[in-house]
Amino acid sequence: MSSTHAMSSHHATPPSGLMRWLLTTNHKDIGTLYLIFSLTMFFAGGTMALVIRAELFQPGLQFVQPEFFNQMTTMHGLIMVFGAVMPAFVGLANWMVPMMIGAPDMALPRMNNWSFWILPFAFSLMFMTLFMEGGAPNFGWTFYAPLSTTYAPPSVTYFIFAVHMMGISSIMGAINIIATILNLRAPGMKMMDMPLFVWTWLITAFLLIAAMPVLAGVVTMMLMDIHFGTSFFDAAGGGDPVLFQHVFWFFGHPEVYIMILPAFGIVSQIIPTFARKRLFGYTSMVWATSSIALLSFIVWAHHMFTVGLPLVGELFFMFSTMLIAVPTGVKVFNWVATMFRGSMTFETPMLFSLAFVVLFTIGGFSGLMLAIAPADFQYHDTYFVVAHFHYVLVPGAVFSIMAAVYYWLPKWTGRYYDEAMGKWHFWLSFIGVNLTFFPMHFIGLAGMPRRIPDYALQFADFNMVASIGAFMFGFSQLLFIYNIVKCVREGEPADKRVWEGSQGLEWSLPSPAPYHSFSEPPDTKVELLLTKGGR
């Protein structure tokens, strides 16, 4: 530990100026950079969503051409998935994992800096495609061939390069998290003593290492088809466009769980705090998370029921998809059991966590509907699918990130945020999300296809409601920004234990958390009760 101690005490306080942020290897600085980058991308992707909803406010072409509409749907999806949700979770991991396990920093601090600074360049490249000849990628966020190969705009090559850069960043970040958790835990902290957020991130990091090379492979095959005369996805040359879907979804379905497992960890930290109870069924939560991760690799073709799979294949993917609902149900049951007869209070982080449990469960049930192969023939490529995955990713991933920010912000800044404003932000977001996405279930079941700029008259009323909800949700996020800035500048000073029921090593540190958390490893014989409190 002596070299680690020397590294930790090298700068007792952070250096000042721009170079601090460019060259920093401190896990808190890098976590902050990730979170700021994620918030920027959230607003960029959200602006594109509002362009989509403004166009769909009423039938007919209103504001944008169909070609630009397709670019907006594609870029919105790519930016939200790779630029907003994933970096936000990595930022939270950078901030909290070392503090939760009693480590001085991440295991590979210089690589940590590199893995962040790749991202702004990758997304700059992605945004530049909007101004290139032929426009930005216009083939949907799933970039199915041959739309993304034979019929793609020239900018697709830059998009492929950007995806490779994002993948490199994700893999380096994942290696760092695994190395940190396995090697730098405080003496005395066993694996089954770790907080749930640390467990979910450890499992997510393995998912990233397994899934991201598959994405790199599929975009490399696209590059070869476009520029080097291969025919991986071209039937005329002996290839198969359906092969693209198999390879893409073999990455894509674990990716869905990469975006939701850390959310499970966040909610598993917050609910026990505000219920003032230990988490019910800690061990079963760890095993359920591991089960979800393993099962995520055998369900990919449930996205492909309509491509002409053999019947035995459809049955296999139908039943394996239904099976994944079991460990997910275990988690929901455990959260409810944790709250049962607890001394619950409803501060902003708890409100977002409760909304997560209820609305994510709705998203899970619509996922079960999509898992039924014969029924999926009706739902496929309709707005029902849009409703399903937005219920998983907005009240799911995004709400959990907001809950985490409100929960840990006083620990980060040493100041309390404005609780009343936080509640306003929650209720406006909650109502806006449901107004936006719940009507999409109905227009989807009635047959409205997704990714179209115009639609039949019978879908007009529900689309108008959805658009109003989208603008309500979008503009309510300005309250979020204002509350964070106000907290940093003029919030009330925060205690060491910010929340009355909080448990874990991070709450043994002062607020704000010092620049170097644990230059000496904490005595877990004294602190272990705190850590086990998370259970």
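Predicted model: local features only at pLDDT ≥ 70, side-chain atom pairs only at ≥ 80, totals over all residues.
Helix α4 covers residues 66–101 and helix α5 covers residues 109–128. The two pack at an angle of about 165°, with their axes 12 Å apart. Angles over 145 degrees count as roughly antiparallel, and α4 and α5 are therefore roughly antiparallel to each other. Their crossing is left-handed. On the α4 side, the contact is made by Met75, Leu78, Ile79, Phe82, Gly83, Pro87 and Asn94. From α5 come Asn112, Leu119, Phe123, Met126 and Phe127. Sorted by class, the residues of this contact are nine nonpolar and three polar, with no charged ones.

The other pair is α11 and α12, with α11 running over residues 311–323 and α12 over 325–339. Here the axes come within 5 Å and cross at roughly 15°. Angles under 35 degrees count as roughly parallel, so α11 and α12 are roughly parallel to each other. Thr321, Met322 and Leu323 of α11 make the contact with Ala325, Val326 and Pro327 of α12. That gives five nonpolar residues, one polar and no charged.

Next come the empty spaces. Rolling a probe the size of a water molecule over the atoms shows where such space is left. How many cavities of 30 Å³ or more does a search of the whole structure find? The search turns up one. The largest cavity has a volume of about 200 Å³. Its lining takes in 18 residues, and those nearest the centre are Met86, Pro87, Val90, Ser170 and Leu208. Pro87 also takes part in the contact between α4 and α5. Helices α4, α6 (156–183) and α7 (196–227) each supply at least two residues of the cavity lining. The largest share comes from α6, with six residues. As for class, the cavity lining has 14 nonpolar residues, four polar and no charged.

The largest pocket holds about 1,200 Å³ of space. It is lined by 43 residues, of which His253, His302, His303, Leu370 and His388 are the closest to its centre. Two or more lining residues come from each of α4, α8 (241–258), α12, α13 (348–371) and α15 (383–413). Which of the elements gives the largest share of this lining? That would be α13, with nine residues. The pocket lining divides into 22 nonpolar, 17 polar and four charged residues.

Finally, a few spots in the loops deserve a look at the backbone. The peptide bond from alanine 145 to proline 146 is cis, with omega near 5°. Proline 146 sits in the loop between α5 and α6. Another cis peptide bond joins serine 511 and proline 512, with omega at about 0°. In this case the proline, residue 512, is in the loop between α17 (460–490) and α18 (524–533). Arginine 276 has a positive phi of about 55°, although it is not a glycine. Where is arginine 276 found? Its place is the loop between α9 (261–275) and α10 (282–295).

How values were computed. Residues numbered from 1 in each chain as written. Heavy atoms only, no water. Axes fitted to C-alpha atoms, helices over the stretch in contact; angles between N-to-C directions. Helix = DSSP H or I, 4+ residues; strand = E, 2+ residues; numbered from the N terminus. Parallel < 35°, antiparallel > 145°, perpendicular 65-115°, else oblique. Left-handed = near helix turned anticlockwise from the far one by under 90°. Contact = heavy atoms within 4.5 Å. Nonpolar A, V, L, I, M, F, W, Y, C, P; charged D, E, K, R; others polar. 1 Å grid on protein atoms, 1.4 Å probe; cavity = no way out; pocket = protein on both sides within 12 Å on 5 of 7 lines; lining within 4 Å. Points joined across faces, edges and corners; volume = space filled by probe spheres on them.
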